[in-house]
Amino acid sequence: MTAEAIIKSQARSLLKHNFVKAIVALLILILPFYIIDGTTTAISCVLIESISDEGLYSILVYSIGYPVEFIMFFLLSPVINGYVRAFYKAAYSDTIDLRDVFYHFERGRYGSALSLNIRIILRMLLPALILYSPLIIFDIIVANSGSDFAGTVLYNNCRFLFAVLSTVTTTLYSLRYFTVFTVSADNPQFTPEQVFAYNKYIMQNRTGSAAKLIFSFTPWMLLCLLILPMLYVIPYMTQSMCVSAKWMTKASLEVN
């Protein structure tokens with residue numbers, strides 16, 4: 001068996017007796033974000049019906065609506081840290097503790113989680129913009145060409161290809177931070193700088209292994225669109241990545 005197959009087998013074994021908790025943890029993760037998105041969408045619908053001036057509507061949406069939504073998402077982002085923590089701790093204890101999902105909302109932990117998350121965003125912002133620049137440039141050129149190319153089959157195919165390539169390259173780049181959340185879970189006393197430094201040490205010569213694991217889920221993600229529910233696939237992927245992070249961390253300690 002390959003390393004990816006062993007990791008996924010261990011993840012499935014863990015989920016067999018934690019599946020309900022895994023689903024609940026995922027719902028706790030996504031429901032607040034869906035509520036925020038749904039609320040802003042509803043407000044936008046009300047505004048577009050009550051405001052006839054398109055310019056004013058655009059100003060309200062782009063200068064107020066989107067920034068407020070982003071801020072709300074960010075303020076709730078520690079639930080992501082807690083979600084990963086719950087699955088990572090289960091990789092050691094064999095049991096998902098739903099209290100871990102709320103771990104970073106306790107006193108003295110919330111600010112640390114936000115500090116770590118803003119650093120991840122800032123570290124990924126410029127690389128993501130660069131890696132998505134072919135897609136952005138393509139859209140700008142088409143939008144300003146004045147032709148009827150937009151909306152054609154060729155346009156949609158080209159745009160899809162650019163989007164896939166940009167997403168894949170951005171995902172590959174982000175794998176250098178593969179163990180950031182798990183390092184934080186192992187070492188809650190670490191500052192964000194220490195978390196990133198230890199993550200860098202763990203991921204030396206291991207980003208390829210993380211990439212193999214991530215992309216081994218490609219068939220699962222494709223099936224997810226047609227057959228398998230995301231409520232199974234996402235916990236399965238999360239648990240597999242946390243199991244992988246556990247073995248990477250142990251391997252880095254053995255080097256010492």
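This report walks through a predicted model of one protein, from its overall make-up to single residues.

## Overall make-up

The protein has 256 residues, and 36% of them count as buried. It holds twelve helices and zero strands. Read along the sequence, the pattern is therefore one α after another: α-α-α-α-α-α-α-α-α-α-α-α.

The C-alpha atoms fill a box of roughly 60 × 45 × 40 Å, taken along the principal axes.

## Helix 5 against helix 9

Two packed helices are described by the angle between their axes and the distance between the axes. Helix 5 covers residues 110-131, and helix 9 covers residues 192-202. They pack at an angle of about 55 degrees, and their axes are 9 Å apart. That angle makes helix 5 oblique to helix 9. The crossing of the two is right-handed.

Which residues meet here? Helix 5 brings Ser115, Leu116, Arg119, Ile120 and Arg123. Helix 9 brings Pro192, Glu193, Val195 and Phe196. The residues of this contact divide into five nonpolar, one polar and three charged.

## Helix 1 against helix 10

Helix 1 spans residues 3-16, and helix 10 spans residues 207-215. Their axes come within 10 Å and cross at roughly 60 degrees. Helix 1 and helix 10 are therefore oblique to each other. Their crossing is right-handed.

From helix 1, the residues in the contact are Glu4, Ile7 and Lys8. They meet Ser209, Lys212 and Leu213 in helix 10. By type, the residues of this contact divide into two nonpolar, one polar and three charged.

## Aromatic pairs

The count comes to 14 aromatic pairs. One of them joins Phe19 and Tyr232. Their rings lie 5.9 Å apart, centre to centre, with 45 degrees between the planes, and the pair is tilted. This pair links distant parts of the chain. Phe19 sits in helix 2 (residues 19-50), Tyr232 sits in helix 12 (residues 230-255), and the two are 213 residues apart. Phe19 is partly exposed, at a relative accessible area of 34%. Tyr232 is also partly exposed, at 23% relative accessibility.

Another pair is formed by Phe190 and Tyr198. It is edge-to-face, with 6.2 Å from centre to centre and 65 degrees between the planes. Tyr198 is buried, with a relative accessible area of 19%. The cut-off for buried is under 20%, so Tyr198 falls on the buried side of it.

Ring pairs also build a cluster. Its members are Phe19, Phe217, Trp220, Tyr232 and Tyr236.

Asn117 lies in helix 5. It is buried, with a relative accessible area of 7%. What does Asn117 touch, not counting residues up to four places away in sequence? The list is Phe74, Ser77, Pro78, Asn81 and Phe181.

Thr182 is found in helix 8, which covers residues 180-186. Its relative accessible area is 3%, so Thr182 is buried. Leaving aside neighbours within four places in sequence, Thr182 is in contact with Val84, Tyr88 and Ala245.

Ala197 has its place in helix 9. Is Ala197 buried or partly exposed? At 47% relative accessibility, Ala197 counts as partly exposed.

How far is Ala197 from Lys16? In sequence they are 181 residues apart. In space they are 35 Å apart, C-alpha to C-alpha.

Notes: Residues are numbered from 1 along each chain as its sequence is written. This is a predicted model: local features need pLDDT of at least 70, side-chain atom pairs count only at pLDDT 80 or more; totals for chains, interfaces and linings use all residues. Side-chain values use heavy atoms; hydrogens and water are left out. Helices (H or I, at least four residues) and strands (E, at least two) are DSSP runs, numbered from the N terminus. Buried means under 20% relative accessible area, exposed over 50%, partly exposed in between (1.4 Å probe, protein chains only). Contact means heavy atoms within 4.5 Å. Axes are lines fitted to C-alpha atoms, for helices over the stretch in contact, and angles run from 0 to 180 degrees between N-to-C directions. Angles under 35 degrees count as roughly parallel, over 145 as roughly antiparallel, 65 to 115 as roughly perpendicular and the rest as oblique. A crossing is left-handed if the near helix is turned anticlockwise from the far one by less than a right angle, and right-handed if clockwise. Ala, Val, Leu, Ile, Met, Phe, Trp, Tyr, Cys and Pro count as nonpolar, Asp, Glu, Lys and Arg as charged, and the others, Gly among them, as polar. Rings of Phe, Tyr and Trp (its six-membered ring) pair if their centres lie within 6.5 Å; planes under 30 degrees apart count as stacked, over 60 as edge-to-face and the rest as tilted.
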